[in-house]
Amino acid sequence: MNPSQENHSQDSHSQDSHSQDSHSQDSHSQDNLAHGGAQKRQPIDAQPVLQLKGITKRFPGVVALNNVDFDVRPGEVHALLGENGAGKSTLMKVLAGKHQANEGKIILGGEEMAFENPKHAKRAGVVLIHQEQSLVSEMTVAENIFLGSLPKKPGNRVDWRKLREDTEKILATLKCGFQHDDLVGSLSIAKKQMVEIGRALVFTPRVVVFDEPTASLTDHEKPVLYDVIDSLCQQGVGIVYISHRMDEIFHLSHRISVLRDGEYTGTVNTADTNEDEVTRMMIGRSLELDHASKPGEFGETMLEVRNLSVKRVFEDVSFNVRKGEIVGMYGLVGAGRSEVAETIFGLRTPSAGEVVLDGEVVQFRSAHDAVVSGVALVPEDRKDQGLILGMNCRDNMTLASLSGVSSMGFMKSGEERAVYDKYHQAMKIKTPSWRQKVGNLSGGNQQKIVIGKWLNTHPKLLILDEPTRGIDVGSKSEIHTLVKDLAKSGYAVLVISSEMPEVLGLSNRIIAMYDGRVTAEFDGDSVSEDELVQAITGMAGSSPPKAQAG
Amino acid sequence: MTSLKGFFRGKTSIQPIWIFVIAIFIFFSFMSEYFLSLGNITNILVQTSTIGLIALGMTLVMINGNIDLSVGATLGLAASLAVGLQEISMTLAILAALGSGMLLGAINGLIVWKTGVNAFIVTLGAMLGVRGLIFLYTGEESFYSMNFAFSDFGASTIGPIPVLAIIFLLCTLVMHLVLTRTGHGRNTFAVGGNPEASIDAGIRLGRHMMINFIIVGFFAALAGVLLASQMGAATPNLGRDYELWTITAVVLGGTKLTGGFGSITGTLGGVLAIGILRNGMNLMQVPAFYVLVILGAILISVLIIDKKLNAPSTKEVRI
Amino acid sequence: MASAEQPKPGLPTGKLNKAGLMSFLSAQGILVFFLLGMIVFSFFSEQFLSQSNIMTVVRQASIIGIIAVGVTVVIIGGNLDLSVGSMLSFSTVLVVDLHDKIGPTNAILLMFALTLMIGAVNGFLIGFLRLNSLIVTLAMLSAIQGLVLIYSGGQNVDIANQEGTWFAFFGRGYLGGIAVPILIFGLLAILVQIVMSRTGYGRRIFAVGGNPMAAVYSGIRKNWCVFSTYLISAFCVACAALVLGSRVMGSQNNVGQGYELLVLAGIILGGTSLLGGAGSIWKTVIGVLILGFIQNGLLLMGYPYYTQWIVTWVIIILAVWLDLANKRKRLLTTHS
Amino acid sequence: MLKKTIITASMLAVSVTAAQADTYRIGITQNNVGVDSYQTTYESAFEDAAEEAGNVDIVVLDAGGDVARQIGQMQDLIQQQVDAIIIWPTNGQAVIPAIRQAHQAGIPVVVTNSKIAEAGLDFIAAFSGPDNVQQGISSAEMMCDALDGEGQIVQISGQPGYTTAIERATGFEERLAEACPGVELLETQPGNWNRERAQRVMEDFLTKYDRIDGVYAGDDNMGVGALNAAKGADRADEIIFIGATNFAVGYDAIERGEYYGSIYQSPVDDAEAALQTALDVLAGEDVPKMNFFETPKITAENLGEFDRPVF
């Protein structure tokens, strides 16, 4: 299932004009995406610029990487795949000098290297662009790009003029709409990502590693990134591309390598393979999104949102969710989706409009009120909003329903364990013990704990905000199945997502948001990808919604 | 964003503390006939120079994401050394005093760096321990300088301006330049703002932490030496509670306790605010008991106003 | 931040006994210090381990201990309380002064009420206005000291008839052969430890201290939780004031000066991190006792009082390094 | 010019008395008001005395125990060009340069309560206060009498580094060694003028020493703390308590027979003497450098001759 990128990128007036130029330069990439895997890239035949041989990395109690081989050729995009915990990030950290391997060799341009720290690796031409954003928000774009390598005049003084000139050169190649002296804290997530990429260009890079670069980008913002990657390739830079998204990988890469449980399972040419094969390499089985299994029986309306507004955030939002129904909310990052959810959940004060829950108008003054009234929110940011990372699994699981597992204020540890065991089994959470700190779990298992936490409050309405962001394919499909089962058992479910396949695969109805407004509402089974893309990029304003449900 | 907020934010913002400084300056000018005179203003500068000098170093340490509670004790030790060792040689005494401050700073920095333990814990220990060292060294006695040249220096002036005030202002200028213009200064912001990112960018976290702790140790020691020269003596209890007033001044100046944000100009404003308040209330003969309450109340009010100005109201989630 | 897929150190993979021992050592390093110190002191001073000396030390430590119990709760909730020193002065002066004026019962009740009110002000500013706790309590430290002086006019307060009041019970009395201050300290510590580890309230405080944002997103009323920790802290201070006032039967206006730092030193020695979301009352009890025994032991050995500060410093450094060394060792043993 | 307009604008704040020629403006910077009752009573007595004198306008400042702040206050007073400065030194040495500055500015300085070091004597007009060395000597003599020249005693001294504490301790120790060598001073620990702290110190002494015959405390506040500790250990009967600066609690304890004796020192006398000395200096009288007011011994025998202290 590949989302069509063609339409919106050509008509997008919201995007900066210079990204239009870059699209026309690299129009082949658009064609590729539009036609799915039809024109996959052929492997580049050249001597590798970088080789990793027999890399082994041990952490206390764990062999994170076992005898892994990997290489990158100049000008190629080499995708690295694997489930969470497979060792991708560790391998890249070894490559970038953040970790040192216990065994094995790193050969860069024919020379064996031993990187002691990231700066060392960077100077040698290996740059890692991080999964988590690693910017200093109180500093300017220029200072962030040159973080750790500010141009200096004698006496350790910063050479501001050179800094400015160098930054402008880099910004010109990135073609992004911000200035060298903008504070990074004031930029959007996508623009911050561009600043990160700008960093890679400071040293003439030989190998650039992208670790989940699109995790926080919307479909709409991705082409800019693809263009940057293409232009790097044209300069002969080798790219390592880590992602969970198959469509991206098949679109961008020349070759694909797969890791499983710290072991190297193989490398294939993108042109010679397909998603099924790669998935099998990753998880040992093939996997399919099951559209047929969507819930089909709906009860009465559980949630009705009428003309809800929060000043300067979103405006006049109306929709409803019925019992047993999954409603998808689709839109770009920053369109106001999470904010709508937070308002329903009592975390924001609406400036106008009302929320009706189970037939009653509710005015929540805090999240606590919302929880008491039966609303559950699985938040967007698992680590910051969803979990207490330093707490164990059980305690996180019961955090939202403490009064249910206590009497007279005292915890009943037997009941707590029972709650934990119930969801532990039901959701197949992989942890050695309930005492395990959730910070030590993989993203998928963490997300299951958050969902378990909310299921135990027995909510009337379950809101899931980006439920599968940064989660490996296996866990993702498990969570999808879970959500559908929940709806079938009578829950009213609202799913917010930036991933079109997810929205299409789960939702009975889809609400599209653009720039703080609901632009359209679609039937989840009959909507086309084009319609959705138009609705979330502000082009569907004139065209009437295709289907009005409810 | 309202226009008032815009006034205090953005690239050409005015630091709120300076508005406050100007306001109380005008207020006291009207309330006391003695306030607005060159003599009184230089007095304020001399009196604030002690806390002020420490605050310069503390600003860097706090932007760096750390804190140093041991500065008061460091000041006391340096003062005792500067007076106590004068029998041997004046130069040696002053060098030893400044050296002791830098050494203590280095020890604090090293422990914070190597163990990754909260600087609050490490320096709270040092605060107690260094005070113990002072008592051990001085035998609980005050030291008195036989050399009047030493105390004359503390009282000397260039033109109408006391030397101590000039030293303080010069140091302020230098530290402002260090913070805004040098690689070390910018990296200090980076380390405080996002330590992970800084490590990834190859910035040597430990080195900058060490340097900043050494800087604050140096300034605490310098303040101690200058204070000793004002008194021609050193007492073992010197500098008690100074760490609290220093931190207060730095926070009033807008430096964030969480690191990554702050400025020397703000700190100067914070230091002056406290100095002017104390001086002005003295001149107005506000009873000492009430001064404590007023200072506390003003500090909390400034925090509340700062919160209101910086809170992006509707954009923020209610937590 | 480590990414989700990086394997974490310390997962039990076998050799459970050894790993268990190491983690025990790293967690209880401070206990080892405690026992070592006791042994060293007992070599140098015969009286050190005598029952009466131990009772004396614990009784002396109980005032700091009682306050530390409350401050530990504030710290677990992710904040600091530096105002406890001034608050102790406030409460002690108040209860002693009112004792002769309105009778002991009323004095105690009024003192508790007013102390809790100050705690509520702290809690309101930090919990509901979300101001930084370090600075707020620093400001309150100054403001409350001023209030005490204004209240008393700077005069010492005394209880006239020291022999004939049951108020003496709290600081000087014995119950079943144990000094009442120790009993109050012990009871309060056990009570609060139970609240923190066994109740939903305690769990919420840990959550708020561990990740305030996630706590709010879990429907926990964070502001109330923070607010309540300052009430607990104030309650403990009021208990301490009861003991102190009754013990001295009089009070100076600055009687609590510097207690905030001693309390923190005790908590730190116990090994509670200041970051919030972690810690325990019993650790704090150990830390406060260490502080008391250092002070007493050195005094019995004939060292001047200020050596205890140097020793405290050295112990904090050593404890911090030991903790680090243990972590290192764990890494090294599994590497080879 | 600006200054002039502001002065006219702030007529309200200008004290009326400034216009009168024969009114003196006297500034006082005190050590640490509020730390104990003596200093607080001193302050109010000083204010009362000034009011009574009529022709005095006073500026009352408090250094809060901080030397640096006291120096700042001296500078402020010099800046205001008061007619005379009374200083209760936070430290006998560190304030000398500030006193010297006042001296150089032509402002007479009267030191009150606690002496400054020799080197500073040239710069002051006079000292007024108790003779703390003599107080220590008197206490030593009382101790000798009470113990009949034989015994083991401990000392709880005042704030370390503070002149009064040092002088009392020195006077006591020297006289004791001289007058009755049979009395052994086992140990000295500071009680910081703080009753609770003294109580704790005494508790430790009681554990450490099986036999204690006498306690000398730097003031009654600490002495009563020591008494509390001894009572708690049921050893109060076997110990002689001697203090200084008789507080009301000490006076009562003497009355009850629990406390042997103290030194009677009135903050009211102290304050009045200080103001009088300053006025004498301003009047151009020939004032002796050292003005000690009487601080007699007080024991159960002569208790009736003294009023109960108000603090």
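A residue is buried here if 20 or more other C-beta atoms lie within 10 Å of its own, and exposed if 12 or fewer do. Keep that cut-off at hand for the tour. The model is predicted. Its scores are ipTM 0.83 and pTM 0.85.

**Stop 1: A:H244**

Select A:H244. It sits in the loop between β10 (238–242) and α10 (246–252) of chain A. Is A:H244 buried or exposed? A:H244 has 24 C-beta neighbours inside 10 Å, so it counts as buried. Now show what surrounds it. Leaving out residues up to four places away in sequence, A:H244 touches A:D472 and A:V473. Next, draw a distance from A:H244 to A:D395. The two are 151 residues apart in sequence, and their C-alpha atoms are 30 Å apart in space.

**Stop 2: two asparagines in chain A**

Select A:N67. You are in strand β2 (residues 62–72) of chain A. Check the backbone: phi is positive, about 55°, although A:N67 is not a glycine. A:N67 has 14 C-beta neighbours inside 10 Å and therefore counts as partly exposed.

Go on to A:N156. This residue is found in a loop, between β7 (152–153) and β8 (157–158) of chain A. A:N156 also has a positive phi, of about 60°, and is not a glycine. Around A:N156, 14 other C-beta atoms lie within 10 Å, so this residue is partly exposed.

**Stop 3: chain B as a whole**

Hide everything but chain B. Colour by secondary structure and you will find 14 helices and four strands. The radius of gyration of chain B is 20 Å, close to the 20 Å that the globule rule gives for 319 residues, so chain B is as compact as a globular protein of that length. Along the principal axes, its C-alpha atoms fill a box of roughly 65 × 55 × 35 Å. Of the 319 residues in chain B, 61% count as buried. Now look at how the chain folds back on itself. Among contacts in chain B with a separation of 6 or more, 79% are between residues 24 or more positions apart.

**Stop 4: where chain B meets chain C**

Bring chain C back. How many residues of chain B are in contact with chain C? The count is 35 residues of chain B, against 42 residues of chain C. On the chain B side, select α5 (90–115), α6 (119–138), α12 (242–252) and α14 (288–310); these are the elements that give two or more residues to the contact with chain C. Colour the chain B side by residue type: 25 residues are nonpolar, seven are polar and three are charged.

**Stop 5: a helix in chain C**

Stay with chain C and select helix α7 (residues 180–198). It has 19 residues and reaches 26 Å from its first C-alpha to its last, close to the 27 Å expected at 1.5 Å a residue. Show side chains for the buried residues: C:V180, C:P181, C:I184, C:F185, C:L188, C:A189, C:V192 and C:M196. Turn the view until you look down the axis. The buried residues of α7(C) fall within an arc of 170°, so they line one face of the helix. Now inspect the other side of α7(C). There, C:L187 and C:L191 are exposed.

**Stop 6: chain D**

The C-alpha atoms of chain D fill a box of roughly 75 × 35 × 35 Å along the principal axes. Buried residues make up 61% of the 311 residues in chain D. Of the contacts in chain D between residues at least 6 apart in sequence, 73% join residues at least 24 apart.

**Stop 7: confidence in chain D**

Colour chain D by pLDDT. The mean is 87, and 93% of its residues reach 70 or more. Where in chain D is confidence lowest? Go to helix α1 (residues 2–9) of chain D, with a mean of 42. Then jump to strand β8 (residues 214–217) of chain D, where confidence is highest, at 96. Finish by selecting residues 1–20 of chain D. Here pLDDT stays under 50, and the model has 17 contacts beyond four places in sequence for this stretch.

Definitions and conventions. Residues numbered from 1 in each chain as written. Chains lettered and ligands numbered in written order. Predicted model: local features only at pLDDT ≥ 70, side-chain atom pairs only at ≥ 80, totals over all residues. pLDDT = per-residue confidence, 0-100. Contact = placed C-beta atoms within 7 Å. Nonpolar A, V, L, I, M, F, W, Y, C, P; charged D, E, K, R; others polar. Expected span 1.5 Å × (residues − 1). Arc of directions from axis to C-beta. Rg over C-alpha atoms; globule rule 2.2 N^0.38 Å.
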